[in-house]
Amino acid sequence: MKRFIVPFLYLLLSSLYISAQSASPVKDSNPDSVFLSLAPTPPMGWNSWNIFGCNINEKIIMEIADAMVSSGMKEAGYQYIVLDDCWQVGRDDNNNIVVDSVNFPKGIKFLADYIHSKGLKIGIYSCAGSLTCQRRPGSRGHQFQDAQQYAKWGIDYLKYDWCYNEEQNAKAAYKTMSDALKACGRPIVFSICEWGENEPWKWAKGIGHLWRITPDIRDCYNCKFDWGGVGVLNIIDVMADLHEYAGPGHWNDAEMLEVGNGGMTKDEYITHFSMWCMLAAPLMAGNDLRNMSDETVEILTNKEVIRVNQDKLGKQAIRFMDMGKQEIWAKPLENGEIALCFLNRNDSEWDLDYNWTKNTMYFAREIDLRKKEYSVRDLWAHKNIGTTQTNLKYKIPKHGVLMVRLSPIN
Ligand code: GLA
């Protein structure tokens, strides 16, 4: 059995930097400080691409906003409604971006006002290249003009793609749009989408608030396509090496969610959602919120699991134990708590019998399972299932997880 224990130095050091890194909203009005304070926890919302592709219009977006509220998603923390590619059709004589007036007859300002009236925020999409991936006009050469336009419309979030980039330098291209957003007079979250091609985790902190790390997600548990497109496990494996780059205001973007789109089993979707929460990944739902099964709502609005994602420390989980097809992931939380996810990649059940103290989980000075007792709470069953003094016994289904929260007793 392959058994590999990741050194704990990262977690030890991270515990020392907790207070310094926690980004509470900055009070001053300097545009740079405001920009940096915009995403203290991973952004949560919905994006049109995974389910609708280019087939978006005003009516759908308004209905999605309504459903975000009526389904309980807003209450669970989802905020942004993001229009992905295909809302734009050209530029006018003054090079202002032109909105598709057939599908968006009342324009983007109208949509922004509607979304804001629901207590939600609106996001939009553009591209650092001259064209978007669907060959609509990109922002190259018009970054400041476009940012001003977004501000006038009331946009709160920009996803910025990398098609037709014409071999620009990625850092420079994204910095230009970042500078444009900082200068536009409105706080706008900046989502960098260059698919991890230029290792944005090494340069994008301070330029954007989140950055994609892989090609596009596909609605599958374990798949990888030559033409680009990856499943849940493939993304998790890329995220595993990037934990040191995530923190308040700057997140590794594991891609939009596929929960509810039909390509995976319930256990696989639970794994998908649990792991995105463990990984402090942005939670952008990608399904049709107007037609959700109870099962989908239950997954997307699990507040105990979302609370792990939104924990103020902003730590991304590390793969604490890798036993081949069975893994244990750990995410330090505020107040000395810790979230753990037992991930069963096997095609058969994992009959877990876990001895906490024997397996010496020592994460940081204040989290030492040999010295302190912790209660163990199952975040999907919503019940306490013992303490760290007794073995954790659980049957984890194939491709499933057991996700727990450890809280110090006393
Ligand atoms: C790229 C992005 C996707 C989506 C499409 C839109 O593929 O990675 O997330 O925005 O473009 O064309």
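Aspartate 156 sits in the loop that links helix H8 (143-153) to strand E7 (157-161). The model described here is predicted. Aspartate 156 has a relative accessible area of 7%. This residue therefore counts as buried, the limit being under 20%. The side chain of aspartate 156 makes a polar contact of 2.8 Å with the side chain of histidine 116. Beyond four places in sequence, aspartate 156 touches Tyr80, His116, Lys121, Ile122, Arg186, Pro187, Ile188 and Val189.

Asparagine 165 is buried, at 15% relative accessibility. Its side chain reaches two backbone atoms. One is the oxygen of tryptophan 162, at 2.9 Å. The other is the nitrogen of glutamate 167, at 2.9 Å. With residues up to four places away in sequence set aside, asparagine 165 touches Gly129 and Arg140. The C-alpha atoms of asparagine 165 and leucine 131 are 8.0 Å apart, with 34 residues separating the two along the chain.

The largest nonpolar core holds 97 residues. Within this core, Tyr78, Trp87, Phe190, Phe273, Trp276 and Trp329 touch the most other members. Residues come from both domain 1 (25-309) and domain 2 (317-408), so the core lies between the two domains. Another core, of 20 residues, lies apart from it and includes Met323, Tyr354, Leu369 and Val404. In soluble globular proteins, nonpolar side chains tend to be buried together. Tryptophan 87 contacts Ile56, Ile97, Val99, Asp100, Phe104, Ile108, Ile124, Tyr125, Tyr150 and Trp153, neighbours within four places in sequence being left aside.

Strand E14 (residues 338-344) is mostly covered, with seven of its seven residues buried. In a regular strand the side chains alternate between the two faces of the sheet. Both faces of E14 are covered. Ile338, Leu340, Phe342 and Asn344 are buried on one side. Ala339, Cys341 and Leu343 are buried on the other.

E14 has pairing partners in E13 and E21. Strand E13 (residues 326-332) pairs with E14 in the antiparallel sense, over seven bridges. Glutamine 326 stands opposite asparagine 344 of E14. The two strands, E13 and E14, form a hairpin with five residues between them. In the turn, asparagine 335 has a positive phi of about 60°. Strand E21 (residues 401-408) also runs antiparallel to E14, and six bridges join them. Here leucine 340 has valine 404 of E21 as its bridge partner. Valine 404 is also among the members of the 20-residue core.

Conventions: Residues numbered from 1 in each chain as written. Predicted model: local features only at pLDDT ≥ 70, side-chain atom pairs only at ≥ 80, totals over all residues. Heavy atoms only, no water. Helix = DSSP H or I, 4+ residues; strand = E, 2+ residues; numbered from the N terminus. Buried < 20%, exposed > 50% of the residue type's maximum accessible area, 1.4 Å probe, protein only. Polar contact = N/O pair within 3.5 Å; in protein donor to acceptor, adjacent residues only side chain to side chain. Contact = heavy atoms within 4.5 Å. Core = buried A, V, L, I, M, F, W, Y, C linked by side-chain atoms within 4.5 Å. Domains from an automatic or database assignment. Pairing = 2+ DSSP bridges.
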